[in-house]
Amino acid sequence: MNFLAQIGRMFLLFLESTGRIAVFAVSSLSHCVRPPFYPRLIGRQMVDIGYYSLPVVALTTLFSGMVLALQSYSGFARFQAESAIATVVVLSITRELAPVLAGLMVAGRIGASMAAEIGTMRVTEQIDALTTLSTNPYKYLIAPRILAGLTMLPLLVLVGDIIGVFGGYIVSIYKLGFNPATYVKQTFDYLETIDVVSGLVKAGAFGFIVTLMGCYHGYNSRGGAQGVGVATTNAVVSAAILILIFNYVITELFFAR
Amino acid sequence: MSTESPKIKIRDLHKGFGSKQVLKGVDLDVGRSESLVVIGGSGTGKSVLLKSVLGIIHPDRGSIEVDGEDVVHLSARERERVNTKFGMLFQGGALFDSLPVWENVAFGLIQGKRMPRSEAKVIALEKLASVGLGADVGELWPAELSGGMQKRVALARAIATEPEIIFFDEPTTGLDPIMADVINGLIVECVRRLGASALSITHDMSSVRKIADRVAMLYNGQIIWVGPVADIDNSGNEYVDQFINGRAEGPIQMQVRG
């Protein structure tokens, strides 16, 4: 009986957290579209999320594209399907790898720092100070971050798509001896707009998830340094899990027949 | 206290957290241009009282009026309007780490009153000068300042918008006695110069004697004594006597073990 009660309690806690996050998300989004806006802060967050995450995303997608070409070659060579490598690389990168890897890397880099920064502001009463200075913390702290996440992740993924495909190209041409013109032609032959668009939609959703989780856990952190530490961990873990769940959901929406 | 309507009027204020009832029917008035200090031990609900007036905590029951307007049930936008009347000095300063000192001081002017940055900077530097800090300090970051300097900057930020009511949360906590006296002096000077009302909470008696016109004692979630600061040594209230003399023996029993 005790065991069942514990399961029930955990389920209720889960529902409560889901409700809180949903209310926080709706409230944050509503503040994103209502004035006053803070263009200076939005710009700063865009640079932080977009520009400073570029090296991490570029390296991740570059090596993913390279290893994809290498693995596909060694696997496909068993049944003489090497010509499919270009298509496999471009579809895997644009549909899956670039958005998911960029989302996870940004969750580690940005989600953690947002939770730590906003969490520290919470425990040092800086968020209360904003309220007393007639400034809505949702508009000043949360909305710029969410807007920047929503817009910058698709851009990062677009760059990641190009770099990932380029990584596959380098390995295919210089290591596996493919003909460059044929490889490029095969890359574009089977690529459709929906492949890139679905990846960018995923990127937008992941940008929202990462910034929302960072802001939510930071904003609700309690109890000093330890509370901020817990908030940071929760922000990264919850963002990573939600990214993987929503990756499946969005794929299902786009490609399920 | 003058006979005209009070600047802040608190009636029957209740607030609890879970099963713990912190405020159990607080009644309190702060007069116009009056400095009222609420004293009381740690954990008696002083901060909860202050944050309820500021709108940071929503009370369970009771009313809070500012200039005759009920502020408990305001919308977020109306709350922002009322908060333009307020200035607040937080216990730890609560300066924004991501902004230089001058921008911290000018924050309420730039964000709250939508003043151009260049204009707000001039005022911020004036306010910094009024708390004894030079223009060079304005370019530093909060992390580069000592505790006393952070308190001064926080005071400059609290008075920058020339508020009608200023709140002070433990203004001298964590400061050495000399710096505490400097801050107390600055508080008195700033409040008088602005002609503002002030509501402070503290358990530092030297601070109380210096900045208060009237004193209220909060104990067990209720105001148990209110009177002019001159009467505090002859209050006739044994709780107040024990508190101001800092005696372990008396009606107030501290819980040593949980």
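This is a predicted model: local features need pLDDT of at least 70, side-chain atom pairs count only at pLDDT 80 or more; totals for chains, interfaces and linings use all residues.
Let's start with the largest pocket. Its volume comes to about 1400 Å³, and 45 residues line it. If you want to find its centre, look for A:R122, A:D128, A:Y219, A:R222 and B:I56, the lining residues that lie nearest to that point. Both chains have a hand in the lining. From chain A, the elements giving two or more residues are helix 1 (2-32), helix 4 (85-123), helix 5 (126-132), helix 6 (137-175) and helix 8 (193-219), while chain B brings in strand 1 (8-17), helix 1 (46-54) and helix 2 (76-83). Helix 1 of chain A has the largest share, with nine residues. And what classes of residue make up this lining? Sorted by class, there are 18 nonpolar, 17 polar and ten charged residues.

Now move on to the second largest pocket, with a volume of about 520 Å³. Here the lining is made of 21 residues, and the ones nearest the centre are B:S42, B:T44, B:Y219, B:I252 and B:M254. Two elements of chain B, strand 2 (20-30) and helix 9 (238-245), each give two or more residues to this lining. Which of the elements gives the most? That would be strand 2 of chain B, with four residues. By class, this lining holds twelve polar residues, six nonpolar ones and three charged ones.

Key. Residues are numbered from 1 along each chain as its sequence is written. Chains are lettered from A and ligands numbered from 1 in the order in which they are written. Side-chain values use heavy atoms; hydrogens and water are left out. On a 1 Å grid over the protein atoms alone, a cavity is a set of points where a 1.4 Å probe fits but cannot get out, and a pocket is an open set with protein on both sides within 12 Å along at least five of seven lines; lining residues have an atom within 4 Å of a point. Grid points are joined across faces, edges and corners, and a volume is the space filled by probe spheres set on the points. Ala, Val, Leu, Ile, Met, Phe, Trp, Tyr, Cys and Pro count as nonpolar, Asp, Glu, Lys and Arg as charged, and the others, Gly among them, as polar.
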